Amino acid sequence: MSAAAPTPSTPETGDLLYSDVEEDLRASVRALVEKQAPWDVVLARTDTEEPVDTDLWKRLTQEIGVAGLAVPEERGGAGASWREVAVVAEELGRAVAPVPFLGTVVATALLLGTGEDELLAAVAAGERTAAVAVGATRGPGRPVPVTVERQGGGDLLQGTVTAVIDAVTADVLLVPVSGTEIAVVEAGVDGGGDGVTRTTAESLDMTRRLTDVTFDGAPARIVAGADVEHALRIGAAVLASEQLGLAERCLADTVAYLRERHQFGRALASYQALKHRLADLWVAITQARATARYAARCAADGSPDLPVAAAVAAAHGSEVALLAAEDSLQLHGGIGFTWEHPAHLFLKRARAEALLLGSADHHRAVLAELVDLPA
Amino acid sequence: MTSTDTPPDLGAEDLAARVEAFLAEHDPSTTEPSEFLRERFAAGLAWVHYPAGLGGLGAANGLQTAVDAAFAEAGAPENRPRLNVIGLGMAAPTILRFGTESQHRRWLPSLWTGEDIWCQLFSEPGAGSDLAGLATSAVRDGDEWVVNGQKVWTSMAHHARWGILVARTDPSAPKHRGLSYFVVDMQAPGVEVRGLRQITGEAEFNEVFLTDVRIPDDQRLGEVGQGWAVAQYTLMNERVAIGGGTLPRESGAVGPLAARWREHPEAHTPGLHDRMLRLWVQTEAARLTAERLGQQQAAGQPGPEGSGVKITYARLNQECSSLELELRGEDGLRYPDYTERRPEVEDYGRRDAAWRYLRFRANSIEGGTSEILRNVVAERVLGLPAEARADKDVPWKDLPR
């Protein structure tokens, strides 16, 4: 080993375990989601015109307070942290719950950096739902292209943002209009506010639909000092926990199925080829848990290592969730390819998640700069 | 302060105070090293989670790191931890768990101080993954056992004073039930240690031939026939020793790879860059997983992640060193020296990349193959059915070999 090249220093790892409070929170969310949105209910909803479970969202926000966890008490939240947010994400990922949690996370991270406290408190309380109008695949570490302009430099917006997540039921949109400014746009509740047209797209992930948003003279309030990149980074860190929950669910479902399914007079789970695949998946998931926890703890503590932590968690989490969902479908065999089986809900979510907030390749390219491994 | 008072709930601060008091009484710069280590053992500051009187204070396991760090900072002598890795990591916990009081007092002090190096006589040419099928025999003769057989892959045997040995005491019992566990004096007549040359050219490990070696019965650990359970305990500690632990970022095989990447931009290509970054991410993920495992153990919730950590590090060592050779281009074709010799125990990171590439092939074989570890994860963690075992209830002597 050469002593000449500098190597990155090692930041403090911090606590990667789950606290009792976090486990209690997990139990509350899981109990509610399992009761209100078991997979067959989630699947049935995808064939309806109401892709978002607004009733579940109301209960999650108002009974458990999931939207206010990272918001300080004096600003209308619960005064917990991104660690608790990440635990909620695990549970919602495990259930592919069709609620606008991830979009709310990014919006909250964005609003926390501004003086928009009234709106922040309303979002934290679940009274309002905000979405950040940025294309879903945009990740931290690269400038977000501004596709919406202020007409004549004033407060009417013109332009289009495609593929926005969690905007289907949002009543307020946060639109980047420059590197440091966002426009707050009242979006109305049913499709459009003044000058806002939302089109919900048929989406690969049926449980998290994309919306194309067009602004045509939409009135807006311009807010300075917003750090969109930081908000996306928080989003990527939390998404890694959602991916973890999904991967854990896929593994658990597959293990249960292989134990039950018999072929050639044996349980499928007794075949070494399949056991080793599941063992490899379990190993990968233990790593996804460690990287997701580290990203959440860096987000919670404002660690300067958050950019690295989020990029590692996102790059790794995307691949693990995808592996879990694809292996799950494969190991379920024919039944896994049917519409009536939940495997495709997880596959579609995992495949889409691996593009959300930056692909694994995007995060690795960002890391290349952060840890001095240039192309 | 005496060596035997063990207050309940001994905390980090109490230990720090004891270390400080000890160092005040025993200046590392003026105390003879072996004397210092013996005194440290007597003070219970050797391995603080061991019982009082046996080098510890009955403290929590997680408190050891801070104690070691405090001694290291004070310039205290080391107890040959690399040379005695088998003794400290595997033999000691087994002796503590299964040994009698007199066995504790006989072996643990000189083991911890590094005066006596230990080795492990488990694997045989005919028994690797299937360790319980081993053939080395131990036949009772009065108060002694007469041992015959061949062991292999014995690291440190050429330095060792003592060896932990599993031998077959009842060939007519099914394989797991006919084993017993002994401590063998490596200087006893009939013990022959030969270097075993490996693919790197050197002889890091040994073959040990045991010919009519007489072991007194008071050097048996555990009951006659209980050898498998004792060995399992030893091996459980091996996986912890190899798999767990706290590591800095870019430690392990990715370190020299990343250093080479930074120093040689002329070797960069898009394909190699992608592989470099993937390995960096996977290494960081593995590092955090090991950290989390350590936190779980410190919190008293040991998880089964150790097997997974070992599988991962084996693969990463192999892939990183392989990529490093590719980055070296023509130099990747050269090899430093295939001359047979005994290697020093040293930091792998200082060795040539080609040497590491070859040495790391063993990482997925030694200490449990990656295939066996996948079985372990599948069966013990995920609860999947065990592999079919045709040999489980058949007398060992009747098994095909």
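## Polar contacts and salt bridges in a predicted model

A polar contact of 2.6 Å links the side chain of Asn206(B) to that of Arg342(B). Welcome to this structure, which is a predicted model. The Asn206(B) side chain also reaches the backbone oxygen of Thr154(B), at 2.8 Å. Asn206(B) sits in strand E7 of chain B, residues 205-216. With a relative accessibility of 0%, Asn206(B) counts as buried.

Stepping back, chain B is divided into domain 1 (1-78), domain 2 (118-227) and domain 3 (244-368). The centres of domain 1 and domain 2 of chain B, taken over C-alpha atoms, are 34 Å apart.

Now for the charged pairs. Side chains of opposite charge can pair when their charged atoms come close. Over all chains, the count of salt bridges is 60. Here are three of them, from chain A:

| Residue | Partner | N to O distance |
|---|---|---|
| Arg26(A) | Glu91(A) | 2.7 Å |
| Glu63(A) | Arg59(A) | 2.9 Å |
| Arg349(A) | Asp205(A) | 2.8 Å |

Arg349(A) belongs to helix H10 (residues 343-353) of chain A, while Asp205(A) is in the loop between strand E6 (196-200) and strand E7 (210-219), so this pair links parts of the chain 144 residues apart. Both Arg349(A) and Asp205(A) are buried. Salt bridges with shared partners join a network whose members include Arg26(A), Glu91(A), Glu248(A) and Arg289(A).

What about the pair in helix H3 (residues 54-64) of chain A? Glu63(A) and Arg59(A) both lie there, four residues apart, about one turn of the helix. Glu63(A) is exposed at 54% relative accessibility, and Arg59(A) is partly exposed at 24%.

Key:
Residues are numbered from 1 along each chain as its sequence is written. Chains are lettered from A and ligands numbered from 1 in the order in which they are written. This is a predicted model: local features need pLDDT of at least 70, side-chain atom pairs count only at pLDDT 80 or more; totals for chains, interfaces and linings use all residues. Side-chain values use heavy atoms; hydrogens and water are left out. Domain bounds come from an automatic or database domain assignment. Helices (H or I, at least four residues) and strands (E, at least two) are DSSP runs, numbered from the N terminus. Buried means under 20% relative accessible area, exposed over 50%, partly exposed in between (1.4 Å probe, protein chains only). A polar contact is a pair of N or O atoms within 3.5 Å; within protein, one must be able to donate a hydrogen and the other to accept it, and residues adjacent in sequence count only if both atoms are side-chain atoms. A salt bridge is a side-chain nitrogen of Lys or Arg within 4 Å of a carboxyl oxygen of Asp or Glu.
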